[in-house]
Structure formats: C-alpha cells, structure tokens
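Colleague: I have a few questions about how the two chains meet. Can we take them one at a time?

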Amino acid sequence: MSAVVPEVATRPLVEVENLKKWFPIRGGVLSRVVAHVKAVNDVSFAVKKGEVLGLVGESGSGKTTVGRTILRLIEPTEGTIRFDGVDITHLPKNQLRAYRRKMQIIFQDPFASLNPRMTVGDIIAEPLVIHNLEGSPKARAERVAELLRMVGLNPDHVRRYPHEFSGGQRQRIGIARALAVRPEFIVADEPVSALDVSIQAQVVNLLQDLKEQLGLTILFIAHDLAVVEYISDRVAVMYLGKIMELATSKELYRNPRHPYTEALLSAIPMPDPTLRRERIVLQGDIPSPINPPSGCVFRTRCRYAIPECAQVVPELKEVAPGHFKACIRDDIPGLS
Amino acid sequence: MDENRLVEVKDLEVHFFTDDGVVKAVDGVSFHINKGETLAVVGESGSGKSVTSLAMMRLIPTPPGKIVGGQMLFRGKDGKLRDLAKEDEATMRRIRGNDIAMIFQEPMTSLNPVYTVGDQIAEAIVLHQGKSRKEALEQAAEMLDLVGIPEPRKRLANYPHQMSGGMRQRVMIAMALSCNPSLLIADEPTTALDVTIQAQILELMKKLQEEIGMSILFITHNLGVVAEMADRVVVMYAGRAVEEADVVPTFKKPLHPYTMGLLNSVPRLDLAAAHQQRLEAIPGNVPNPLDLPPGCAFHPRCKFYKPGLCDQEIPALQDAGGGHMVRCVRWAEIERGEAVEA
C-alpha cells in the first residue's frame with residue numbers, strides 16, 4: 001500500500017457531476033406529468049480510490065437515490081456518472097454489466113433483501129453465476145466458503161436459510177454477497193440502521209476490516225452521523241436533494257461551517273448525562289421536495305437566513321482546503 | 001408504599017406460551033418510579049422492555065401472553081393504591097388514558113387514519129372527563145397548541161396522513177396528556193423520527209414534564225436519548241434487569257459488564273480522540289429466548305465470564321451501595337479491577 005504514488009492514491013474512482021433525479025408525479029385522467037419530486041437536484045462529488053465517503057442526511061434528503069443512481073439501478077434525469085474515468089451514464093445494458101461487477105450494493109434491511117427461499121450458499125453464489133465467475137461448481141463452493149469465513153460466519157452453514165440467522169448475521173450474508181464478485185466500489189445503504197447497538201458495532205468493524213484487506217472504495221449512506229464519522233474519511237451532508245457541506249470527517253465534526261451541519265450535530269443526543277450543550281432546535285419540518293424553497297433550500301429553517309438567501313442558489317464552494325460548503329454567508333461567527 | 005412513589009413493580013413475570021415453548025419475556029423485573037421523575041428502561045431487541053411497558057397498561061395479548069407473577073403497585077389520581085396486575089378490565093379502562101397514558105414508536109400506525117385528529121383527542125376527554133363533544137374539541141385545540149402545533153383550531157379537522165411524522169408524534173403526545181395522566185409511558189417515541197425532529201420532541205417532552213409534573217417511563221434503545229432524558233436507568237437483558245442506577249453513575253461508573261459493553265459499542269461524536277479507532281463490539285448475538293443460557297444469560301458474550309461460576313445460578317440483584325443495583329456475581333471483583341478477562 002505504501003508504494004502507491006500519491007496522485008494515483010487520490011485519483012477518483014467514482015465521479016458524479018450535476019446529477020439530477022426528478023421523479024414525475026402523474027395526475028388526471030390522462031396521467032399527465034403534473035409535478036416532479038426533485039429527489040436529487042444538482043449534486044456533484046467524487047469518491048477517491050480506497051476511501052470511504054459518508055453521505056448523511058435526514059429522510060427525504062435524496063441520499064439513497066444518489067447511491068442507486070450511481071449504480072444505475074435508477075436512471076438519472078440529468079448529469080454524468082463516471083466510473084474509473086469512463087462515462088457510464090448512458091451505457092447500454094450489455095456494456096453496463098461489466099461495470100455492475102465492479103460496483104455492488106449492501107442494503108439496509110437484512111430481512112427484506114435476502115430471498116427467504118434460497119439457501120445462504122445460493123444467495124452468495126448467485127452473483128458469481130450471473131457474472132459467470134469461478135466457472136466450476138466446486139470453485140464456486142470454495143469461493144462461497146471463503147466469503148462466509150471472511151465475514152465471520154461458519155462455512156458449514158451454506159445450506160441454511162436466511163430465517164435461521166439473526167439480523168446481524170443476515171447483514172453479514174448481504175456483505176458476503178456484495179463481495180462475491182470482487183467489486184472495487186460498494187454502496188452501503190444504511191447497512192447498520194436496522195441492527196441493535198451491540199451488533200451494529202460488530203458490522204461497522206467488519207466493514208472497516210474488509211475495506212483495509214480488500215482495498216475497497218465505499219459510499220457509506222446513513223442517517224446516523226456518529227456511525228458515519230467512525231467509518232468515513234470524508235463526509236457529504238445532504239438536505240433536500242442538495243449537498244450542503246463536504247469535508248474530511250474530522251473537519252466536519254470539529255469545525256462545521258454550514259448552518260445545517262451545525263444544527264444537525266447539535267441535535268444528536270450524546271451518551272453523557274453530564275454534558276451540557278447549547279442545542280439548536282430546528283423549527284418545522286423538511287419542506288416538500290416537490291416544491292422546494294427558492295434559493296437555498298435550507299433557508300426556511302435556518303437561523304442565519306437573510307433575504308438574499310431566497311434569491312440565489314448557493315454554490316458548493318471550497319472555503320478551506322478540502323472543505324466545501326453551499327452557503328452564501330461567510331460572516332457567521334463560529335461557522336467560518 | 002412510600003408517599004413519594006408513584007409506581008412500584010415487584011418481581012414482574014410475563015410469559016408467552018408458544019407452540020415451541022414458554023418465552024419468559026419478562027422474568028422477575030422490579031423497579032419503582034418516583035413522582036415527577038423519568039425512569040428510562042434500556043435494552044436491545046428481545047430484552048423485554050416493551051413487554052414490561054405493555055404489562056403496566058395490561059395490554060399483553062392473552063393468549064399467548066400472560067402476567068404470571070409479581071405486583072405492579074400504582075397510586076391513582078384518586079389517591080388509591082392499586083395492584084395493576086390484579087385489577088379487573090373495567091378498572092383498567094378507567095385508568096388507561098386517564099391515570100396512565102402511552103405513546104408509541106410509530107405515530108402513523110397508532111393513530112386511526114379514518115378519524116380527524118380532533119376527534120381522536122376529544123374521544124379520551126369525553127370518555128374520562130364527561131365533557132360534551134364541543135368542550136372536548138375546545139380542549140383538544142388547547143392541547144395541540146400546548147404541544148406546539150401551529151394553527152391548532154384548523155388542525156383539528158386534519159387527518160393523520162395530512163401531517164408529517166413529527167407532527168403526528170405531537171398529536172400522540174397531545175392525546176396522551178389530554179387527561180392529565182400522572183404517568184406517561186413512552187415506548188421508543190422518537191425512534192422513527194429524524195434527528196432534528198427527535199430533538200424537537202425531546203425538548204417538548206421535557207418542557208411538558210416541567211409544566212405538568214407527570215412521571216415518565218421512557219423505553220428506548222438509544223443511550224444518547226437516555227442520557228438526555230432520564231433521572232434513573234434500568235438496563236434490561238434477556239428479560240431481566242441487570243443494572244439500575246441514577247443516570248450519572250449508569251454512564252460514568254457502570255458495574256454490569258453488559259452495560260459497559262453497550263456503552264463501549266456506541267460510536268461517540270463527543271470524544272474527539274476516538275476518531276477512527278475501533279469500536280469495542282460485544283461479541284455474539286442476543287440469546288434465543290426459548291433457550292436461554294444457564295446462569296447469567298449474558299455469560300456467553302461476557303469478557304469476564306468465569307466457568308463454573310457465571311453459568312450456574314441466575315445472579316441475584318445486589319445493592320452495590322446507594323441504590324445502585326447490579327445483577328452480576330463478579331461485580332465487586334470487576335470494580336476493584338481484579339477480575340481477569342476471559
């Protein structure tokens with residue numbers, strides 16, 4: 001690892017430029033498009049090779065849609081997705097398959113994402129069959145056993161069914177399935193949200209180990225900022241389809257510069273009863289993504305909002321080395 | 001029962017009789033709640049924390065479930081001391097909603113989708129306070145105002161689906177508090193909410209408790225929420241209380257290895273130095289409730305497990321001093337730093 005030339009090490013593996021995903025809403029007898037849900041609205045970022053990029057946001061922020069659009073499980077409305085320098089935004093299905101092998105996904109719900117009628121062995125071997133890897137049945141069986149060991153499960157359990165496993169073990173099966181085809185890039189969509197605290201730590205540690213061992217690049221999507229801080233190198237904060245702030249995870253948590261990040265951090269209850277903090281309680285709810293506020297989408301709940309915020313859509317600008325924020329105000333004490 | 005106490009639960013046992021065997025969901029749990037205090041019950045799935053709260057409301061589905069033992073003493077608003085485990089259904093109906101109210105995790109499924117929120121809040125007021133519908137609706141509007149819903153009179157005519165998750169949880173709170181209960185049971189009230197909305201609801205609950213003075217039984221798995229809300233904490237594991245203490249010692253000086261493990265496995269934003277270190281996970285899984293390990297149910301996952309000691313008898317809940325209760329045979333050794341890790 002140490003022999004890697006710095007430029008190569010920081011080369012982006014996945015690049016997203018001006019990505020938009022608008023879901024049409026149809027109405028009336030002719031089912032004409034009457035409006036759009038602007039789930040992802042002009043988002044750009046890059047995931048460097050070998051890094052974990054955290055993507056946090058509340059429900060409706062568009063974080064899951066970003067993950068699925070990158071894998072082209074959802075077709076983007078506008079924008080460009082590049083994988084290892086190649087534009088895959090409009091690749092036809094037959095050419096996309098080669099890239100699908102390099103990009104895999106781990107889902108949130110370990111109960112819903114495993115077929116209850118397939119054995120664990122078949123579930124993990126399925127991607128190998130689809131991509132025609134490890135040709136012989138024997139080689140596949142060996143690979144499945146290796147994967148089970150890798151995620152900390154007993155290889156003797158290949159013939160068991162998902163219901164025989166606990167939530168944490170099922171999530172390990174989901175991880176083994178994603179790793180089967182030796183991907184370079186993994187979208188982990190809320191992989192620990194459904195798990196109990198003690199099990200959550202096991203899975204976070206496992207993901208960290210696998211990332212080191214296999215040199216994986218991961219887009220880690222979650223709503224829990226503490227978990228994201230733990231595993232990510234850099235973190236992007238989303239709100240209503242836009243990236244509000246992007247920085248290294250250390251910087252973001254110690255020195256947030258966007259009013260939304262500041263409020264989000266202060267809203268998290270800390271497991272320390274002696275800690276007394278000043279809490280910023282955001283008023284109201286997230287506005288509807290069908291009709292987001294003009295200008296800055298956060299301005300309706302922002303305590304620093306000024307009239308100009310309604311006029312201009314703030315650009316994601318670099319305000320310090322590697323630290324980006326989308327806010328027109330750079331005069332807020334404590335945030336600049 | 002002490003004048004200052006509102007609730008005293010003693011050796012509560014709730015069993016579920018299933019085709020595969022008896023699940024001892026709650027197996028000898030005891031705790032008390034003082035007037036105006038918040039008691040948090042923490043535990044992971046299957047620990048029995050929700051079953052405990054449902055038992056207090058006598059809402060355990062029977063069959064398969066049954067309260068098979070123990071007492072749940074409760075001092076009603078009328079000053080009478082009752083054992084809720086033994087009261088008949090008619091008395092329970094008078095107590096539910098009036099003396100003890102409950103809010104649930106999922107505000108969407110716990111509101112009726114075909115009635116307006118005004119009607120749903122007014123229902124309890126009409127039932128328990130004998131007011132007319134008009135007076136009740138008037139009071140419902142005041143309650144909505146109290147829980148911070150803008151334009152409360154207009155909102156009375158809304159259906160649950162017209163409101164956001166945070167708003168719906170506010171409606172649930174308004175409904176729960178409409179008859180001035182002396183105990184509010186909150187079962188994971190913020191788990192389904194986003195963190196900024198969770199902050200709003202927690203602030204609201206604290207404010208209302210200060211104004212109204214009710215006691216809260218707060219069921220949650222989130223240790224951050226516990227630290228913020230609780231005066232005292234009961235930690236549950238596999239149907240038993242393993243530790244009970246005031247909130248500060250629970251977090252600063254935990255005595256049970258499970259409580260310690262739970263605290264270590266939470267990623268901490270407030271410990272800057274912890275960045276990118278490994279989390280100390282508790283190995284293994286929560287045991288099958290049909291087949292609990294012998295002795296201390298936590299011993300297969302415990303780093304202080306001592307063969308021949310921990311796997312023999314269920315440890316008793318001992319007082320470690322100052323009302324700090326712990327269910328571990330090795331707690332004193334562990335506290336002195338003499339226990340060797342397995």
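Modeller: A salt bridge here is a side-chain nitrogen of Lys or Arg within 4 Å of a carboxyl oxygen of Asp or Glu. Keep in mind that this is a predicted model.

Colleague: How many salt bridges does the rule find across the interface of chain A and chain B?

Modeller: One of them joins the side chains of A:Asp272 and B:Lys252, at 3.1 Å from N to O. That distance falls within the 4 Å cut-off. Across the interface of chain A and chain B, the count is three.

Colleague: Which helix of chain A gives the most to the side that touches chain B?

Modeller: The interface also has 17 residue pairs in polar contact. On the chain A side, H7 (197–214), H8 (225–231), H9 (249–254) and H10 (259–267) each supply at least two residues. With ten residues, the top contributor is H7(A).

Colleague: How much area do chain A and chain B bury between them?

Modeller: The contact takes 45 residues from chain A and 42 from chain B. A:Tyr230, A:Pro271 and A:Pro273 lose the most area in chain A, together 19% of what that side buries. Carbon and sulfur atoms carry 55% of the total, which is about 3900 Å².

Colleague: What radius of gyration does chain B have?

Modeller: Chain B has eleven helices and twelve strands, and 55% of its 342 residues count as buried. A compact globule with 342 residues would come near 20 Å, so the value for chain B agrees: 21 Å.

Terms used: Residues are numbered from 1 along each chain as its sequence is written. Chains are lettered from A and ligands numbered from 1 in the order in which they are written. This is a predicted model: local features need pLDDT of at least 70, side-chain atom pairs count only at pLDDT 80 or more; totals for chains, interfaces and linings use all residues. Side-chain values use heavy atoms; hydrogens and water are left out. Contact means heavy atoms within 4.5 Å. Buried area is the accessible area (1.4 Å probe) that two parts lose on being put together, summed over both. A polar contact is a pair of N or O atoms within 3.5 Å; within protein, one must be able to donate a hydrogen and the other to accept it, and residues adjacent in sequence count only if both atoms are side-chain atoms. Helices (H or I, at least four residues) and strands (E, at least two) are DSSP runs, numbered from the N terminus. The radius of gyration is taken over C-alpha atoms; the globule rule is 2.2 Å times the number of residues to the power 0.38. Buried means under 20% relative accessible area, exposed over 50%, partly exposed in between (1.4 Å probe, protein chains only).
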